[in-house]
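Keep the structure open while reading.

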Amino acid sequence: MTISTSHSSLAAFNKCKRYYKLRHIDLIFPKVKKSSLRFGTIFHKSVELMYKTGVIDPSLSYIEKETETVDTTFFEQKDHRDLEWSKTVLIAASKAWYKKFYLTDMEKGVEIVQLEKKYKGLYIYNPDSTKRSIKAKLSFISDMVVRLSDGGLYLVEYKTAAKIGDDYIAELDIDHQVSTYIYYLEKELKEKIKGILYRVLKKPGIRLRQKETSVEFLARLEAKFEEESADYLIEYPFIRSREEILEFTKDLWDETQYLLAAHRT
């Protein structure tokens, strides 16, 4: 039997073996998916649509559709409020993202090389022997690969976060996920990835005021994103050295071997 794994499943295995078994072997899922868990997924798709179509309207329509079709059967009152908040923030943030990042990219002549491309069944190699695993394969989806004006390829990752501080930035700097992407993308594209551009949406902490309508709240959010763009739409550039990529391949091989041993037992 061959195991298909990913960065998220390996992270789940490293964090909690019991959770990994329930989620990835027994395939047990929560009955209710809270709006907070959908926020990042919906925002990712919103960004993908603006880069695919060149306009913002499909992104806004998608947000409306996805938030309206959420199963609210088991929702409590707080969950309904969170869902309405998420919808309004997603709309305001997507408009701001389109203006700050998408339009700027187009003005600078940024070339989109890949967008949300799925990779499946990738071989995992032992860095010491260069032999590949016959029991485990890797899958992933990279957000975006672009070519900048300097002629180099860059990996662009977009994320959402409630708080951004030194710890958050330090975690980005050692994130294994982008090491995964760089290692395999360089094999696929036959070209070095010069760097990583993390684009992060910081979720605003403001909420709907008493007697404030949704339209008024949206206008207030849009004004906040416009006036405080540098605080809420942030780009962090990073690089990965060849040494760090090699270290990643060793970790990936070891983690995969531990995972296979767990499956056997």
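## A buried ring pair between helices

Phe43 and Trp97 are both buried. This is a predicted model. The ring centres of Phe43 and Trp97 lie 5.1 Å apart, and their planes stand at 80°; the angle is over 60 degrees, so the pair is edge-to-face. The pair links distant parts of the chain. Phe43 belongs to helix α3 (residues 35-53), and Trp97 to helix α5 (residues 77-107). They are 54 residues apart.

## Other aromatic pairs

The structure has 14 aromatic pairs. Phe13 and Tyr20 form one of them: the centres are 5.4 Å apart with planes at 80°, so this pair is edge-to-face. Both Phe13 and Tyr20 are buried.

Ring pairs also build a cluster. Its members are Tyr119, Phe140, Tyr181, Tyr183, Tyr184 and Phe248.

## Charges over rings

Over the ring of Phe39 sits the charged end of Lys203, 4.6 Å from the centre.

## Helix α4 against α5

Helix α4 covers residues 57-68. Its axis and that of α5 come within 10 Å and cross at roughly 170°. The two helices are therefore roughly antiparallel.

Which residues make the contact? From α4 come Leu60, Ile63, Glu64, Thr67 and Glu68. From α5 come Leu83, Lys87, Leu90, Ile91, Ser94 and Lys95. By class, the contact holds 5 nonpolar, 4 charged and 2 polar residues.

Conventions
Residues numbered from 1 in each chain as written. Predicted model: local features only at pLDDT ≥ 70, side-chain atom pairs only at ≥ 80, totals over all residues. Heavy atoms only, no water. Phe/Tyr/Trp six-rings, centres within 6.5 Å; stacked < 30°, edge-to-face > 60°. Buried < 20%, exposed > 50% of the residue type's maximum accessible area, 1.4 Å probe, protein only. Helix = DSSP H or I, 4+ residues; strand = E, 2+ residues; numbered from the N terminus. Lys NZ or Arg CZ within 6 Å of the ring centre and 35° of its normal. Axes fitted to C-alpha atoms, helices over the stretch in contact; angles between N-to-C directions. Parallel < 35°, antiparallel > 145°, perpendicular 65-115°, else oblique. Contact = heavy atoms within 4.5 Å. Nonpolar A, V, L, I, M, F, W, Y, C, P; charged D, E, K, R; others polar.
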